[in-house]
Amino acid sequence: MRILLVGHGRMGQLVAALAGEYGCEIAGIIDPLSRAHAGGPDDDRWRDVDVAIDFSSPEAVATNVPALARRGTNLVIGTTGWQRDEQAVRAAIAAAGVGVVSAPNFSTGVVLFEAIVAQAAKLVAGQSDFGAWVHEAHHAAKKDAPSGTALMLKHAMEEAGFTRAIDVASTRAGHIPGTHTVGFDAPAESITLSHTARDRTCFARGALVAARWVKGRRGWFTMKDVLGVVE
């Protein structure tokens, strides 16, 4: 299975390092800031690529994803912070008739954590004494804050029926791979749920699992679809 890497930063390099374990070959790299850059999304050398994995930048998604989709290339989008362009990107995907797995976080644990948080929010929603909060911490180089995962968790809580305000806070420091904490607090007690990534390989492995899953599929999917998580 031939994979095109869009973005060759820390995550792209991890995907490349782990690709062989998943029966994948790196066909090339699109990243003008990298020495490994081999051409833009319209380059003819990508015609036999099975899936492109995008860990680039928010600004690049709106250009690269539609261009690759027009070539008939299925995609895995792990970049976050591009939601202002989501409507246009989704329209391009629908017009091209390709398959996409898009997620703010490709960790298997985070997908399961979201389902747990949603269930907790559903249970707590009817207890008016409890307020709710979400806190996320990442490395200093992460550009978007709050993280896409934090916003996903907040949305999951709201969709589960928690209608009161949910405070969301962020920390950017050092080399933290990623920690997300959800809390429900009442006058005399507190409930805290937390997920911590020990290193970034869980994200790269999840992206490769998604790439293998989306090959040959058509439509817009999330990691819940990939892992068969039923709400």
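Start by selecting strands E4 (residues 74–77) and E5: they run parallel and are joined by 3 bridges. Strands here are DSSP runs of E, at least two residues long, and helices are H or I runs of at least four, numbered from the N terminus. Two strands pair when DSSP finds at least two bridges between them. This is a predicted model, where local features need pLDDT of at least 70 and side-chain atom pairs count only at pLDDT 80 or more, while totals for chains, interfaces and linings use all residues. Residues are numbered from 1 along each chain as its sequence is written, and side-chain values use heavy atoms, leaving out hydrogens and water.

**Around E5**

Follow the chain from E4 through helix H3 (residues 86–96) to E5; this β-α-β crossover is right-handed. That is, with the strands pointing away from you, the path from the first strand over the helix to the second runs clockwise.

Now pick Val 101. Strand E10 (residues 219–221) pairs with E5 in the parallel sense, over 3 bridges.

Colour E5 (residues 99–102) by face. In a regular strand the side chains alternate between the two faces of the sheet. Gly 99 and Val 101 are on one side, Val 100 and Ser 102 on the other, and all are buried. Buried means under 20% relative accessible area, exposed over 50%, and partly exposed in between (1.4 Å probe, protein chains only).

**The aromatic rings**

The structure holds 4 aromatic pairs. Rings of Phe, Tyr and Trp (its six-membered ring) pair if their centres lie within 6.5 Å; planes under 30 degrees apart are stacked, over 60 edge-to-face, the rest tilted. Select Trp 82 and Trp 220: their centres are 6.5 Å apart and their planes at 55 degrees, so the pair is tilted. Trp 82 sits in the loop between E4 and H3 and Trp 220 in E10, so the pair ties together parts 138 residues apart in sequence. Trp 82 is buried at 1%; Trp 220 is partly exposed at 22%.

Next, show Trp 213 and Phe 221. Their pair is edge-to-face, 4.9 Å centre to centre with 85 degrees between the planes. Phe 221 is buried, at 17% relative accessibility.

**Helix H5**

Move to H5 (residues 148–159). Its buried residues include Leu 153 and Met 157. Among the elements covering them are helix H4 (108–124) and strand E6 (131–138). Just after H5, Gly 161 has a positive phi of about 110 degrees.

**Last stop: cysteines**

Select Cys 24 and Cys 202. Their sulfurs are 18 Å apart, too far for a bond. A disulfide needs sulfurs within 2.5 Å, and the count is 0.

Conventions. Contact = heavy atoms within 4.5 Å.
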